[in-house]
Amino acid sequence: MKTSLILKFLSAPRPVKRLISIGYDALAIVISFYLAYSLRLGTMGIDIDRPLLTCLALTLIISIFTFIRMGLYRAILRYMTQHAMITIFTGILISSLAMTLSAFFFQAFLPRSVPIIYVFTTLILIGLPRLIFRNVVRMVTPRGNVNVVIYGAGETGNNLANQLRLSGEFNPVAFVDDEKRLHGSVLSGLSVYHPHKLAALIEQHSVTRILLALGNISRQERVRIIRYLEPLLVQVQTIPPVTDIVKGTARVDELRNIQIEDLLGRDPVEPDTLLMSKNTTGKIVMVTGAGGSIGAELCRQLIQLKPQKIILFEQNEYNLYRIEKELNVLQAGSMPSVELVSLLGSVQNFPLLDLVMRQFEVHCVYHAAAYKHVPMVEQNIIEGVKNNLFGTKNAAEAALRNNVKNFVLISTDKAVRPTNIMGASKRLAELVLQDLASRPSKTIFSMVRFGNVLDSSGSVVPRFREQINNGGPITVTHKDIVRYFMTISEAAQLVIQSASIAQGGDVFVLDMGEPVRILDLAREMALLSGYSIKDDNNPNGDIEIQFTGLRAGEKLYEELLCGENCEGTVHPRIMRAKEKKMAPAELEKLLIQAKGFCETYRYQELFSLIVDSDADFDPLYEISDLMHKTRKENAKLLLIPGLTEKNDTRVNGG
């Protein structure tokens with residue numbers, strides 16, 4: 001019966017609940033006044049005269065008015081917080097003061113101890129029922145069916161526990177914390193345990209998730225805690241960064257999965273504001289491939305630096321639409337806003353590039369347009385070379401022709417002693433820029449190499465995440481393969497800063513930190529998602545890791561340098577590599593031949609040309625161009641005696 005009354009009260013309209021609360025408080029004030037007076041005089045029979053009645057009426061009016069003004073009736077009883085209790089106490093003190101002053105002005109008989117006793121009786125009648133009501137509501141409210149443990153018994157953890165109780169989905173069962181003085185204490189009705197009790201808590205309460213509420217701790221400490229939790233085989237989630245919660249851009253109960261960036265990333269180095277703004281703020285900047293992973297992040301970073309204009313150059317219509325929309329949202333309400341110019345076009349179109357740079361008087365070009373997926377380029381050699389090599393040549397020559405101040409090529413670690421066409425085409429693009437940089441001009445050409453970018457399109461991270469969500473298996477090409485990783489925001493910031501320290505022909509190499517074993521990455525992502533690994537040691541595991549073999553052109557280890565000489569720069573994470581150049585005459589001859597092979601689709605000759613060039617291309621596989629495979633199959637189907645690849649001009653691209 002009591003439970004049904006509580007539920008009816010909770011379901012009543014808010015104005016009705018406010019009127020009920022005001023009515024109750026008015027009655028409580030009258031009773032408190034009477035009790036305080038009776039306790040002071042030691043008798044229940046009180047002679048209430050007119051001045052005393054006037055004093056009571058004024059106390060009642062002022063008290064209710066004070067409670068309303070202080071927002072007591074805007075607070076929701078089931079969500080009563082410490083702040084609400086402070087509001088009640090402050091309001092009662094004001095009520096007691098009003099009683100004393102009104103008794104003085106109307107000359108009512110009021111012993112001096114009555115207002116003091118009144119404070120305590122009113123606290124009992126107004127504050128205590130609210131606390132009891134809140135606890136009863138929590139008891140009758142259905143609990144969530146997902147039992148969780150909160151790691152972190154600080155203020156953040158306390159707030160998270162309260163929010164989770166209200167969500168109706170999660171049921172916090174305990175806190176764990178590394179702070180010894182908190183062990184054995186109770187916070188928000190939950191006991192605080194040492195982390196080594198986690199395994200027992202998980203088994204005892206059937207816990208399926210551990211929620212991190214760690215506040216502001218160092219990255220090293222955060223990584224240590226996450227790695228400690230991995231073997232427990234429960235899903236580990238975290239709340240948004242405290243800074244986002246304070247800014248109001250996120251709520252404490254907005255849980256997210258542990259991002260692999262939390263483990264692979266490094267302590268951030270604050271970008272140098274002078275280097276970031278030198279070629280951007282107030283300038284006209286152009287980004288080719290603006291809709292790709294790197295290009296889009298460059299645009300996000302650039303727009304915060306307030307350039308005069310950003311030219312978004314992209315051949316994919318949807319990607320261009322998406323990044324333009326995102327950038328408009330990012331700068332919504334800012335005055336003045338950055339002008340965005342969205343242009344559809346390919347870097348293989350030199351006249352268009354030339355027209356754009358001339359018409360908009362571009363100051364700096366970030367050339368991120370490229371075909372970068374190794375297997376895809378291997379299967380489409382001609383288009384890969386046309387886009388990566390000749391697209392870069394077109395953009396660079398257009399910049400040179402229009403006196404663009406800076407031109408930055410986004411290169412890759414795969415350009416170092418390449419074993420695939422994608423890497424070789426990027427190394428040739430670097431050689432083109434080095435040659436252009438050696439000529440007298442107003443344009444400063446530079447190249448920036450870095451490894452894999454976390455969560456970029458084609459990265460193993462989103463692929464692993466999708467495979468884990470589908471229940472596996474996780475596919476890894478080789479058990480020993482390792483890669484360098486960098487967050488996409490850090491990569492973009494370093495690229496922008498590199499342009500500011502370029503002198504001409506620079507090959508910049510970014511500090512990628514320690515290489516990561518891909519097998520370990522796959523295991524870690526599975527464990528953090530709460531799944532065990534199925535292998536010979538654990539045949540009943542949840543997710544299996546399968547090895548598919550190295551793909552065509554894929555290395556076990558990536559490198560970031562060609563030559564041995566490397567020197568530091570003004571930025572601790574940007575180094576300058578001293579690379580060998582190609583003789584201008586040889587380079588020109590190579591480009592002419594390569595262009596001819598591309599135009600006539602003679603991919604085999606193009607492949608051989610790149611192998612014999614100074615790109616240090618050392619393929620460890622047979623040619624895998626899809627056109628090559630198709631022509632071989634067609635030749636076999638003809639069943640002409642003596643027909644081979646050597647004497648069939650069609651197979652050779654003739």
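A residue counts as buried when its relative accessible area is under 20%, as exposed when that area is over 50%, and as partly exposed in between. Keep that in mind as we walk through this structure, which is a predicted model.

Let's start with the whole protein. Buried residues make up 48% of its 654 residues. The secondary structure comes to 23 helices and 23 strands. If you take the contacts between residues at least 6 apart in sequence, 74% of them join residues at least 24 apart. The accessible surface is about 32200 Å², and carbon and sulfur atoms account for 56% of it.

Now step inside, to Gln-497 in helix H19 (residues 488–501). Is Gln-497 buried or exposed? Its relative accessible area is 1%, so Gln-497 is buried. What does its side chain meet there? A polar atom of the Gln-497 side chain lies 2.9 Å from the backbone nitrogen of Asp-272. Setting aside neighbours within four places in sequence, Gln-497 is in contact with Pro-271, Asp-272, Leu-275, Met-276, His-571 and Ile-574.

Next, the charged pairs. Side chains of opposite charge can pair when their charged atoms come close. This structure holds 22 salt bridges. One of them joins Arg-224 and Glu-221, at 2.6 Å from N to O. Both residues sit in helix H8 (residues 219–229), three residues apart, which is about one turn of the helix. Arg-224 has a relative accessible area of 38%, so it is partly exposed, and Glu-221 is partly exposed too, at 29%.

Glu-326 and Arg-300 make another salt bridge, with their closest N and O atoms 2.4 Å apart. This pair links distant parts of the chain: Glu-326 is in helix H13 (residues 317–330) and Arg-300 in helix H12 (residues 293–304), 26 residues apart. Glu-326 is partly exposed at 29% relative accessibility, and Arg-300 is partly exposed at 22%.

Arg-439 and Asp-435 also form a salt bridge, their closest N and O atoms being 2.9 Å apart. Here the two partners fall into separate classes: Arg-439 is partly exposed at 41%, whereas Asp-435 counts as buried at 10%. Elsewhere, Arg-427, Glu-430, Arg-449 and Glu-579 are linked in a network of salt bridges.

Finally, back out to the surface. Leu-97, Leu-101, Phe-104, Phe-105 and Phe-106 form a nonpolar patch there, with about 580 Å² of accessible area together. Leu-101 lies in helix H4 (residues 82–105), and with a relative accessible area of 43% it is partly exposed.

Terms used. Residues are numbered from 1 along each chain as its sequence is written. This is a predicted model: local features need pLDDT of at least 70, side-chain atom pairs count only at pLDDT 80 or more; totals for chains, interfaces and linings use all residues. Side-chain values use heavy atoms; hydrogens and water are left out. Patches are made of residues with over 30% relative accessible area and no salt bridge: like charges are joined within 9 Å, nonpolar side chains (Val, Leu, Ile, Met, Phe, Trp, Tyr) within 5 Å. Accessible areas come from the Shrake-Rupley method with a 1.4 Å probe; for residues, only the protein chains shown count as cover. A salt bridge is a side-chain nitrogen of Lys or Arg within 4 Å of a carboxyl oxygen of Asp or Glu. Helices (H or I, at least four residues) and strands (E, at least two) are DSSP runs, numbered from the N terminus. Buried means under 20% relative accessible area, exposed over 50%, partly exposed in between (1.4 Å probe, protein chains only). A polar contact is a pair of N or O atoms within 3.5 Å; within protein, one must be able to donate a hydrogen and the other to accept it, and residues adjacent in sequence count only if both atoms are side-chain atoms. Contact means heavy atoms within 4.5 Å.
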